[in-house]
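I opened my notebook to look up a few things in one protein model. I wanted the overall form before any single residue.

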Amino acid sequence: MAQDITVKITDREGVLHEVQAPTDMAMNVMELCRSYEIAPEGTIGVCGGMAMCASCQCYVTSGVELPEMADDEEAMLSEAFHVKPNSRLGCQIPITEELEGLEIELAPES
């Protein structure tokens, strides 16, 4: 049986949110941020999770291993602002049990 995992998300104001993420709903990190209203509506997931806008860019600050970056995510990040070596698009990180303990920080708005 799938269970919830704990994810720590630092919002754009520097506030840490420790949230429970369901592993059985096919959600991604961007949708998790939206469901907990961690970023103002209309400022995250603007493209709906298609890796076309970078509004859900985040910095992975924990050592949790993530799925490999796909070409479309890499291409979007190559054009985005505020990109760091640990940048990922939240919409491209599916919530799985392997992400237990994930810590991210939302990138500033472009």
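**Entry 1: the whole chain**

What radius of gyration would a compact globule with 110 residues have, and what does the protein chain have? I kept in mind that this is a predicted model. A compact globule with 110 residues would come near 13 Å. The protein chain has 13 Å, so the two agree. I then looked up the span of the C-alpha trace along its principal axes, which is about 40 × 30 × 25 Å.

I asked next what share of the residues is buried. Of the 110 residues, 44% count as buried.

**Entry 2: helices and strands**

How many helices and strands does the protein chain have? I found two helices and five strands. Reading along the sequence, I noted the pattern β-β-α-β-α-β-β.

**Entry 3: the core**

I turned to the largest nonpolar core, which has 31 residues. Which of them touch the most other members? They are Val7, Ile9, Leu32, Leu89, Leu102, Ile104 and Leu106. I listed the elements that give two or more residues to this core: strands E1 (5–10), E2 (16–21), E3 and E5 (103–106), with helices H1 and H2 (71–79). H1 gives the most, with four residues. In soluble globular proteins, nonpolar side chains tend to be buried together.

I followed up on Leu106. Leaving out residues up to four places away in sequence, Leu106 touches Ile9, Thr10, Asp11, Arg12, Cys33, Ile38, Ala39, Ile44, Gln57 and Cys58.

**Entry 4: Ser55**

Where does Ser55 lie? I found Ser55 in the loop between helix H1 (29–35) and strand E3 (57–60). Is Ser55 buried or exposed? Its relative accessible area is 12%. The cut-off for buried is under 20%, so Ser55 counts as buried.

I looked up what its side chain reaches. The side chain of Ser55 comes to 3.0 Å from the backbone nitrogen of Val46. Val46 is also among the residues that Ser55 touches, not counting those up to four places away in sequence.

**Entry 5: rings**

How many aromatic pairs does a search of the whole structure find? I got zero. I did find a charge over a ring: the charged end of Lys84 sits over the ring of Tyr59. That charged end is 4.3 Å from the ring's centre.

Key: Residues numbered from 1 in each chain as written. Predicted model: local features only at pLDDT ≥ 70, side-chain atom pairs only at ≥ 80, totals over all residues. Heavy atoms only, no water. Buried < 20%, exposed > 50% of the residue type's maximum accessible area, 1.4 Å probe, protein only. Polar contact = N/O pair within 3.5 Å; in protein donor to acceptor, adjacent residues only side chain to side chain. Contact = heavy atoms within 4.5 Å. Phe/Tyr/Trp six-rings, centres within 6.5 Å; stacked < 30°, edge-to-face > 60°. Lys NZ or Arg CZ within 6 Å of the ring centre and 35° of its normal. Core = buried A, V, L, I, M, F, W, Y, C linked by side-chain atoms within 4.5 Å. Rg over C-alpha atoms; globule rule 2.2 N^0.38 Å.
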